[in-house]
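Subject: Handover of a structure

Hello,

Here is the structure I said I would pass on. My notes on what was found in it come after it.

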Amino acid sequence: MLLPKHTEEILMSGAETVIPVPKTVMLPIAGETSVFPVRRVYCVGQNYADHAIEMGGDPTRNPPFFFQKNPDNLVSNGAFPYPSQSSDVHHEVECVIVLKEGGSDIPVEKALDCIWGYGVGLDFTRRDLQAVAKKAGRPWELAKAFEHSAPVGALVPASRIGHPHKAAIWLKVNGETRQSGDLDQMIWKVPEIIAELSKLFTLAPGDVIFTGTPAGVSPVVKGDRVECGIDGIGTLSVTVV
Ligand code: MN
């Protein structure tokens, strides 16, 4: 019986691919030439109470939740091309965690051991398409998983900075502060995110998790300079083109 297999097993059998092998996305690491290969991209929705409320949610009744982006959505050259089919694209600055280990049903107390490092990411969102999807009860891919929608700055290893629980997270557009919060405002803390996600999916090395955004999301337009950062982790800047 012919069944799908991983690339390595197929190539070792001597088979040729009928199209070029799709590329693996690699994230840069601050101060190193080594890179981090990406497997999957998960995101947490409404993980800061003040952002859940500004989105019309009720964090006292509804816990955070998950959605996904695509690995190649992370590819960036420093410019963010304004996407098609939207006239209301919002910035969301987020702390990004990247995994060196995975598994299923990971206990909260073991979760930090899975983390290779941290980064600063942007979860760009076609808010108008998201509103349509929410109203119709449809999935969020059209709003979230588009090209260049998830730029991430250089990663820093946990072996260098530890596991930050409290740190300022901020975003400016053209020098004006739009988002300002702290990682300690997360509803699900990082170990809980990994534990919850691992109940639903088998996590693995290479997985990237966006951990949610604080309040202050707002639209960007072409020409905007978006700068964001997390104290102790790094910064990220993109220009909307
Ligand atoms: Mn987000």
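Helices (H or I, at least four residues) and strands (E, at least two) are DSSP runs, numbered from the N terminus. This is a predicted model, in which local features need pLDDT of at least 70 and side-chain atom pairs count only at pLDDT 80 or more, while totals for chains, interfaces and linings use all residues. Residues are numbered from 1 along each chain as its sequence is written, and side-chain values use heavy atoms, with hydrogens and water left out.

Two loop residues

Asp 105 sits in the loop between E7 and helix H3 (108–111). Its phi is positive, about 50°, although Asp 105 is not a glycine. Most residues other than glycine have a negative phi. Gln 46, also not a glycine, has a positive phi of about 50°, and its place is the loop between E3 and helix H2 (49–54).

Which of these is buried and which exposed? Buried means under 20% relative accessible area, exposed over 50%, and partly exposed in between (1.4 Å probe, protein chains only). Asp 105 counts as exposed because its relative accessibility is 55%, whereas Gln 46, at 17%, counts as buried.

The sheets

Two strands pair if DSSP finds at least two bridges between them. E10 pairs with strand E8 (residues 115–122) in the antiparallel sense, over 2 bridges; Pro 157 in E10 is the bridge partner of Gly 117.

Contact here means heavy atoms within 4.5 Å.

E5 and strand E15 (residues 234–240) run parallel and are joined by 2 bridges, with Ala 79 opposite Thr 239 in E15.

The manganese ion

Which residues coordinate the manganese ion? They are Glu 92 (OE), Glu 94 (OE) and Asp 123 (OD), at 2.0 to 2.1 Å. Donors are N, O and S atoms within 2.8 Å of the metal (3.2 Å for Na, K and Ca); water is not among the atoms, so sites may look incomplete. Along the chain the donors follow the spacing E-x1-E-x28-D. Glu 94, in strand E7, and Asp 123, in the loop between E8 and strand E9 (125–126), link distant parts of the chain, 29 residues apart. Glu 94 is buried, at 0% relative accessible area, and Asp 123 counts as buried at 1%.

Arg 127

Arg 127 lies in helix H4 (residues 127–136) and counts as buried because its relative accessibility is 8%. Leaving aside neighbours within four places in sequence, Arg 127 is in contact with His 51, Met 55, Asp 88, His 90, Glu 92 and Val 217. Glu 92 is one of the residues that coordinate the manganese ion. The side chains of Arg 127 and Gln 130 are joined by a polar contact of 2.9 Å. A polar contact is a pair of N or O atoms within 3.5 Å; within protein, one must be able to donate a hydrogen and the other to accept it, and residues adjacent in sequence count only if both atoms are side-chain atoms.

Regards
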